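Reader: I'm new to this structure and I'd like a close look at one part of it. Could you walk me through it in plain words?

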Amino acid sequence: MENLIANFNYVIVVILMMIGLWSMLAQKNLIKKCIGMAILQTGIILFFISIGAKNNALIPILTEAAYSDPDVATVANPLTQILMLTAIVVGVATLGVGLGLAQKIYHQHSSFDEDEILENQRK
Amino acid sequence: MEILAYILISTGLIFFLGTTIGLLRFPDFYSRMHAASKGDTLSTVLILLGCICLVSTQGEMNWLLGLKILLIINFIFIGSPTATHAMMDAGNKAGAEPWKKDSE
Amino acid sequence: MLLVLVRAVKGPTVIDRLVAINVIGTKSIVLLLFAGILFGQLEMFVDIALGYGLLNYIVSIAASRYYQHRRCLEPTHTANGGQPSRWKS
Amino acid sequence: MMPSLPIWQFDVLLLVLVVLFAVVALSIRNLMGAAVVFGAYSFMMCLIWAGMGAVDVAFTEAAVGAGVSTVFIVSTIYNTSATMRSRPGGIAFKLFIGVVVTLAGVFLLSALPDFPDWGDPNSPANATVAPYYIENSIRDTHVPNLVTSVLADYRGFDTLLETIVVFIACIAIYSILRIETAKSKTDEPEEDTATAPPSYDPSDSLIVRQASRFMVPFMQLFALYVIAHGHYSPGGGFQGGVILGASLILLAISFDLKFILRQWREKPLMLLVASGVCLYATVGLACMFTGGNYLDYGSLDSVLPNDRAMARSHGILLVEIGVGITVMFSMLAIHINLASNGRFDRGL
């Protein structure tokens, strides 16, 4: 149980990722799939950020007092943050691509529903 | 100054409590909107003013911070009523029924 | 405070949700400032809050534009599944 | 320096809320409601990043979540339909997927004891390469915001390729939605009358338009401040670019899409999207010509007036401007494509 509290962030990460994965697999609606993809992505981002978090650490912007000799323990990890910062913007761009595909599919089959699209394809 | 800050913040929180209660308890969309927009804007502005008072007691460079928070207040004051107007218009256009006394 | 709003998010209609989201948006500005005070480096968080203050009404405007235009569009879409049950969540 | 922060309880509460919002967003049958709740989800995420000390990430999430991503979903729904077909059956399938996913989750959770604790300063991720950045950033680049210096200098290649990914996404949207409709312009009108929204009614939203007209200059000024001041406070090319793009998107939705298309025509738009990436790559090439490696801004000191570390700082600024241009215009281009379904005439 103590382990669970200490690693609570990972539990949430796994739950979020599984929610996203479930919606990508089980939801029939394409927009819901896109939202699920975004949720899966935030789960992964949360994983990285919480790995980089430190107890008692401040934000990774040095104060003027710390210019000459920054103390590593009081500054949060910048590396994971920059990786995820770019990932968010790229994530929005890919969300746009996914939505564009969904729009194209809708205008060809006039449906977001996977089953109906498959039926239309077979005809 | 600090006492003033706490007074402002707690007043804002009381207004926010009113907002949430109104949002939950009012019967139809329009009255909920009424509670949400007014209480929300007022409570946010009060809390931010409290933050300005709190900030001005500590450290140098606080005039810049206070100015930025004032800017936030300004933008909320413009943006929030606009959003409320837009949503109200949308609700009207989309055909939300106003609540009447005999409907429940 | 935000816990109370969660129930509002489950509110009966879409526009109710929109209202609730707007309230949550403004409240997250306040929470960001509180987080900044807790961290003791408010000047870094003020920028984020300012960005929020500028941006958080775009969503409601977009949604309201959607409803303004969509109302006239309903008849063309009845072919795809009857009257859209917009007011049921 | 600081006592133990009471932030962690706050974080736990927010994490639970986030899961709740995710479930709600997926369980709402109306897609419009789902999009709106997804916006709230992203607000919560922003608060979580801020609580964990990742201010730059919080800023990006704020700009993206409040300004862009929800608008994308709304404009897609606008061009399609908001209702979900309810179908009989399928419960068994969903349950089956649920079981599979739960098994995968349990499998992942079984690795839990191997992870370092939450917030452990000595975990591998915090103890290997990150201290180098923290200790040397000021000496190397004179940039106190570590995120900016790592983003644009130490890991410049990474950011270059991420920018190219955004650029490619913009091109992909064009090739998905735009190209065919641009080719078949002749048979457009017949289909158009069936699905086109009514012509713009100027009496609709005078207040909204005036407020937007007032807000947009402030937004753009603030975005430029964010890009330029990113060395000292949270911010940088990505955040500033997203805010600039969001300001243009605000213009596009509060006025008309035609209004924004008069200002930014299609060809200059794409040229600007490309020019951002080109600026980034050119800075890298300039470094090679002045005798360094690719993207080694230190070698620019023969051109720029100051010493080596200042040259790196200036190089970071140039690169951030390139990133900002690309992100801004690709957000705008993606929005225009999604809102008008590639026809570039009218839309949300």
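This is a predicted model: local features need pLDDT of at least 70, side-chain atom pairs count only at pLDDT 80 or more; totals for chains, interfaces and linings use all residues.

Which residues of chain A does UniProt list for "transmembrane region"?

Author: The UniProt record, an unreviewed entry, lists residues 6-26, 38-62 and 82-102 of chain A under "transmembrane region".

Let's zoom in on one of those stretches, residues 82-102 of chain A. The chain there is 100% helix and 0% strand. From end to end, the C-alpha atoms of that stretch sit 30 Å apart.

Now for the neighbours. Where chain A meets chain D, 74 residues of chain A and 86 residues of chain D take part in the contact. On chain A's side, the elements giving two or more residues are helix H1 (2-6), helix H2 (8-26), helix H3 (30-52) and helix H4 (78-109). H4(A) gives the most to that side, with 25 residues. As for the kinds of residue on chain A's side, they split into 48 nonpolar, 21 polar and five charged.

The other pair to look at is chains B and C. Here 35 residues of chain B touch 33 residues of chain C. Three helices of chain B each give two or more residues to the side facing chain C: helix H1 (2-25), helix H2 (29-56) and helix H3 (62-94). H3(B) gives the most, with 18 residues. Sort chain B's side by residue type and you get 23 nonpolar, seven polar and five charged.

It's worth a quick look at those two chains on their own, too. Of its 104 residues, 42% count as buried. If you take the contacts in chain B with a separation of 6 or more, 68% of them are between residues 24 or more positions apart.

Chain C comes to four helices and zero strands, and from the N terminus its elements read α-α-α-α. Chain C has 89 residues, and 63% of them count as buried. For contacts in chain C with a separation of 6 or more, residues 24 or more positions apart make up 38%.

Back to your part, then: residues 82-102 of chain A are on UniProt's "transmembrane region" list, and the model draws them as 100% helix.

Conventions
Residues are numbered from 1 along each chain as its sequence is written. Chains are lettered from A and ligands numbered from 1 in the order in which they are written. Two residues are in contact if their C-beta atoms, placed from the backbone, lie within 7 Å. Ala, Val, Leu, Ile, Met, Phe, Trp, Tyr, Cys and Pro count as nonpolar, Asp, Glu, Lys and Arg as charged, and the others, Gly among them, as polar. UniProt positions are given in the numbering used here, feature names are shortened, and annotations may be inferred rather than shown by experiment. A residue is buried if 20 or more other C-beta atoms lie within 10 Å of its own, exposed if 12 or fewer, and partly exposed in between; C-beta atoms are placed from the backbone.
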